[in-house]
Amino acid sequence: MDTRTLARFIAWSKTTDLQELIYKKPGASVQIKTAAAAPHAADFSSKLTPVLSPAVGIYHSGAKGKEIVLKENAEVKKGAFLGVVEMNKTAKEVLAAADGLLKIIGVSDGQCAEYGQPLFFIEPKQP
Amino acid sequence: MTKPETKTITVKKFNKVLIANRGEIALRIIRTLREMDIKSVAVYSQADKFSAHVKAADEAVCIGPASSKDSYLNIDAVVAAARLSGADAVHPGYGFLSENARFAQAVIDAGIIFIGPRPEAILKLGEKSRARELAIKSGVPVIPGSDCVVEKNHLQAARKVGFPLMIKATMGGGGRGMRPAMSEADFPKALDTATAEAQAAFGDGRVYFERLVLNPRHIEVQLAADNYGNVVAFAERDCSMQRKNQKLIEESPSPFVDKKTREALCAAAIRLAQAVGYSGVGTVEFLMDESRKFYFMEVNTRLQVEHPVTELVSGFDLVRIQIEIAQGQKLSITRGRALQINCHAVEHRINAEDYTKNFLPCPGAVAEWVPSGGIGVRVDTHVYPGYTIPSFYDSLIAKLIVWAPTRGQALKRSARAMGEFTVRGVDTTIPFHKLILNDADFAAGRMNTGLVEKILKKHENKK
């Protein structure tokens, strides 16, 4: 492909919302990526609400008299019991931070957690 | 004297140690662990996420929010972090949980070694009245006192204690509810006032008496004791330069203590340690009067802020000694070697405080930070340029320690190093240390626990 055609190709691609274009024929191939295709810096904002570990310790999905089965995409109510983090001799309850769908379960029974570590992510219910 | 326990002690090298502390002391401990090829685990609160000790450690665990009560003072959280990280031992540093027997016991109950004395020893020595009883039993001089509440025959009891004396409220504490009686003539009036004040402040008018030590010096003896009954004492530290019981400058050896007094001090401290079967490092604090008579005050069952002066004078790493003892090793130092004085060392505590405003703490961002250096200078600090001093914890930001062959040379070096130390962004006590270094009484070694207040007043009057 000669440079004039290539220039016209690039100019045209800018009129579209294409992010990436691959053109191949025997003897020639062109791959164009626009700036929009590049990974963004870490300033993404998530619509998901994190549920943070209330303590440093071991996470358990159940506690005495409270057995629960957590499933991704299950509906949860704000304040719902999501397990406990057991420190040395005390345990702190993990409670849902919002009404919505349990989108990500980032911890499993018996895993270690630091104070403030995100354990779950909830997609809040649209009002 | 309690005989050392006959249980067998196994010597086992630690692989990993958790430091239950923050700031300069956490960093100080990590350094020795690294030299000993032991992995370090830092714990931190959310306010300390960017603290130097978190970066310096091999591992770091967030244990709670900013407030100390929920993080560095939270026994369950610290023990949980130790268990999760697989630490063999916990080093408590100073302050926070370092003298908490319940914490030491919780660490032991979790199957982890506590780098410090046994919880029973912490309990026995931590309670003032019990420690005093122990001191009396082991022949360590204590400040003469009524030893109990005086309910009747006040004057007779006072005569027995001797004048000048201090009338103290039974329920008082922290300097409150105290009245001096300089002589027998002063006594009736002082007693009336003290009883009335105690009644008003604490709802309990009962009092006890204690001999008043005039113009005392604060002299303390560093000890190290192993699990086999061996105890050594190091040359004394003079911590008379203090304000409201907060030490500002510590030095070793004391310019006031002679060889004979030093030997008597050390012998007394060793007797007390042996009486409780002490193990680990610890410090016995004394008050010394103008005739070099000394009286037992209290025992600190931990490493102290001012431990570096002893390290420089003796040439030993006290944190290493602590760890070796906790690993079950025997002390490798003889009493004679521990008492050897290799130089004169002075420590200046640099706090983020404005001394012109009653030492008001000044937390905030440190814009410029150039610590002093050069020959005979050691700076223990956790501060770096751009660091923000959190408002949640104490205001100690650096310890400037100097050493030289003589006290005169060491003070010259202090002045030189203090001049180099540049901090912008927050107020520090550096200007106040410069004032002290210019004081004739301090330069001549004529210190007592009231000198700092006197220098402050002199300076205020000049303005």
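Figure 1. B:Asp380 is buried, with a relative accessible area of 5%, where buried denotes under 20% relative accessible area, exposed over 50% and partly exposed in between (1.4 Å probe, protein chains only). B:Arg378 is likewise buried, at 19%. Their side chains meet in a salt bridge with an N to O distance of 3.0 Å; the term requires a side-chain nitrogen of Lys or Arg within 4 Å of a carboxyl oxygen of Asp or Glu. Salt bridges with shared partners also join B:Glu220, B:Arg237, B:Lys247, B:Glu250, B:Glu285, B:Glu306 and B:Arg349 into one network. The model is predicted: local features need pLDDT of at least 70, side-chain atom pairs count only at pLDDT 80 or more, and totals for chains, interfaces and linings use all residues. Residues are numbered from 1 along each chain as its sequence is written, chains are lettered from A and ligands numbered from 1 in the order in which they are written, and side-chain values use heavy atoms, without hydrogens and water.

**Figure 2. Salt bridge between B:Arg302 and B:Glu99.** The two side chains meet at 2.8 Å, N to O. B:Arg302 lies in the loop between β14 (294-300) and α10 (307-314) of chain B and B:Glu99 in the loop between β4 (89-91) and α4 of chain B, so the pair ties together parts that are 203 residues apart in sequence. Helices (H or I, at least four residues) and strands (E, at least two) are DSSP runs, numbered from the N terminus. B:Arg302 is buried at 15% relative accessibility, whereas B:Glu99 is partly exposed at 33%.

**Figure 3. Surroundings of B:Phe103 in the largest nonpolar core.** This core holds 47 residues, and B:Phe103 is among the members that touch the most others; such a core is a set of buried Ala, Val, Leu, Ile, Met, Phe, Trp, Tyr and Cys residues joined through side-chain atoms within 4.5 Å. α3(B) gives the most to the core, with 7 residues. Beyond its neighbours within four places in sequence, B:Phe103 is in contact (heavy atoms within 4.5 Å) with residues including B:Ala20, B:Val90 and B:Phe114.

**Figure 4. Interface of chain B and chain A.** The contact takes 18 residues from chain B and 12 residues from chain A. About 1100 Å² is buried between the chains, 58% of it on carbon and sulfur atoms; buried area is the accessible area (1.4 Å probe) that two parts lose on being put together, summed over both. B:Cys62, B:Asp76 and B:Leu84 lose the most area in chain B, together 45% of what that side buries. The interface has 1 salt bridge: A:Lys89 pairs with B:Asp109, the closest N and O atoms being 3.9 Å apart.
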